[in-house]
Each structure stands twice: as structure tokens, then as C-alpha cells.
Amino acid sequence: MAGAPGPEIREKFQAALALSRVELHKNPEKEPYKSKYGARALLEEVRALLGPAPEDDDERAADDGPVDQALGAGEPRDAEGPGAQRALRLAVVEFHLGVNHIDTEELSAGEEHLVRCLSLLRPYRLSLGCVSLFIQAQNNLGILWSEREEIETARTYLESSEALYNQYMKEIGSPPLDPTEHFLPEEEKLTEQERSKRFEKVYTHNLYYLAQVYQHMEMFEKAAHYCHSTLKRQLEHNAYHPMEWAINAATLSQFYINKLCFMEARHCLSAANVIFGQTGKITATEDRQHRGAGS
């Protein structure tokens, strides 16, 4: 793997992430997005310093839809060599620019950056350094299309993410790199345990979004299955907000009651009661992913 980028690029990227995390209410009242715009300017500087994207195949620029894992969508390649590494770093920047524009309510610009991120990553989507970011970009496009009430398009992106996760775990299985690691020196890279934790969190969010989409499409059996899987994974990984988890578990119990599955309903209500008891006693154990993921 190619070495980390120079200190100037690393410092600007880390500064951009720090500004991105500033809560809106901490900005001046008349400039609620001041920190977001500052982060955007730094990300654009990083992109300029990285240089232009490698132009090694035409399909990358043309193909801007979700990957259909069942159809293969082109043979994935290893993300080795300086060209591939530059493409991955540019993709990380495009991802954060996409999230930034969405956070400032510039949805079309956000979509363009996320699509560009996927285009850069597509040839390497099953590689150790790419798969997590690819899934996150598709998840965010799924959210974006869902908010536009284009539910079928949202479903396609989210189901593609789920399929890619399952394919990666089956064929490779090693904890993949977190996207931020592409801007860290070797001695600051994450442990495998931390990588696994972050990757599983990304997949849990994917299941959560799918549950919402299936609910919206009135595919209630499927929505309940994905909601149950999400709640179970959040407990296993100790990554949940007590109030939200309890509300979702109680809501799921109503589905089981309507299906006359009273034991399952009782189990959900009992669990909701236990977790609700944690409200106010502990702080949330999971930082909310941007734009409200994770319950």
C-alpha cells in the first residue's frame, strides 16, 4: 500500500473533519452553516492538493448507479499502487463533500459528490481499503432518495449495500479500513478490533435504513425482520440510544401483537422497559451518524 499523504494534506483533512463535527447551534445564529462551509473549503483544498483522478477506464465516469452484486458489475480490483491510492483518497474527499452539501441542504450537489465517490471506488469496491466507504456512500444516497420520496431508488442503493457487505464477509472477511485511515500515517492506523466495530456499525445503519424503506413500501414482514435485526445488533455492539431503542422495540411489539405473536410482543415490551430504564442514567453509547442514523 502506498504511503500516507504529506503532512499538509493530512492536517487539512483532519481540520475539515473537526469543523464538520461542530454542532449547528454552536455557530453564529445568522451563520448556522459557518463551520460546514469552513470544512468544505478545506476539503476542496485537499482535493486540489491530491491532484486529478486517474483516468484509467471510461466506465468509471459513465456508471453512476448502485452496484448490482448479482450481475457482477465488473470484476473488482485490488486497490494497490499510487493511482489506486489517489483514487481512494479522492473518493474519501468526495464522500465528505457530499455529506457536507447535504448537511447544508444542497441536495443535488451532495448527490453529485456521492456519485463521484462511487465512480472512483467502483473498480475496488471489494478491497480492504474501499468496501466500508462504498457502502457508506450508497447508504447516504439511499437516505437522499428516500427523503425525495423516490423509495424504489432508495431501496436499490440500500439493497446493493447489503449485498456488498455479505459478499465481502463471505469472500474476504477481514475487518476493512475505516475511510479516515487513508489520511493517517501508518503508526496511527486503527486496530483490527476498532475497524471491525466501525464496519459493523456501518452495516447496522444499512439494516436500519432498509427497515424504514420496507415500512414505507408497506412490506411489513420484511420491515419487522430488519427492525429486529437492527435492535439485536445494537445491543450486541452496545451501540444505541436508550430512549430511541426502547421506542423502536415497543413499536415492533405492536407488529407482533397484530400478527398474534404474543410471546414475541411480550419479549419486545420487556426489553423496551429494561432499556428505557437506562434513560437519564447513562449517556448515549453511540455518536449519531450524520442526519439521524442508528435507532
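Visitor: Arg155, is that buried or exposed?
Guide: Arg155 counts as buried, because its relative accessibility is 18% and buried means under 20% relative accessible area, exposed over 50%, partly exposed in between (1.4 Å probe, protein chains only). This is a predicted model, where local features need pLDDT of at least 70, side-chain atom pairs count only at pLDDT 80 or more, and totals for chains, interfaces and linings use all residues. Residues are numbered from 1 along each chain as its sequence is written, and side-chain values use heavy atoms, with hydrogens and water left out.

Visitor: What does the Arg155 side chain meet in a salt bridge?
Guide: Glu159, at 2.8 Å, N to O. A salt bridge here is a side-chain nitrogen of Lys or Arg within 4 Å of a carboxyl oxygen of Asp or Glu. Both residues lie in helix H7, four residues apart, about one turn of the helix. Helices are DSSP runs (H or I, at least four residues), numbered from the N terminus. Glu159 is partly exposed, with a relative accessible area of 25%.

Visitor: How many salt bridges does the structure hold?
Guide: It holds 14. One of them pairs Arg148 with Glu111, with the closest N and O atoms 2.8 Å apart. That pair links distant parts of the chain, 37 residues apart: Arg148 is in the loop between H6 and H7, and Glu111 is in helix H5 (residues 107-121).

Visitor: Back to H7. What about Ser161, buried or exposed?
Guide: Ser161 lies in H7, residues 151-171, and counts as buried at 0% relative accessibility.

Visitor: What does Ser161 touch?
Guide: Not counting residues up to four places away in sequence, Ser161 touches Ile135, Gln138, Asn139 and Asn206; contact means heavy atoms within 4.5 Å. The C-alpha atoms of Ser161 and Asn206 are separated by 7.1 Å, with the two residues 45 apart along the chain.

Visitor: New topic: at what angle do H6 and H8 pack?
Guide: About 25°, with the axes of H6 (residues 131-147) and H8 (residues 192-216) 10 Å apart. Axes are lines fitted to C-alpha atoms, for helices over the stretch in contact, and angles run from 0 to 180 degrees between N-to-C directions. That makes H6 roughly parallel to H8, since angles under 35 degrees count as roughly parallel.

Visitor: And which residues in H6 meet H8?
Guide: Val131, Ser132, Ile135, Gln136, Asn139 and Ile143 in H6 meet Phe199, Val202, Asn206 and Tyr209 in H8.

Notes:
Helix = DSSP H or I, 4+ residues; strand = E, 2+ residues; numbered from the N terminus. Parallel < 35°, antiparallel > 145°, perpendicular 65-115°, else oblique.
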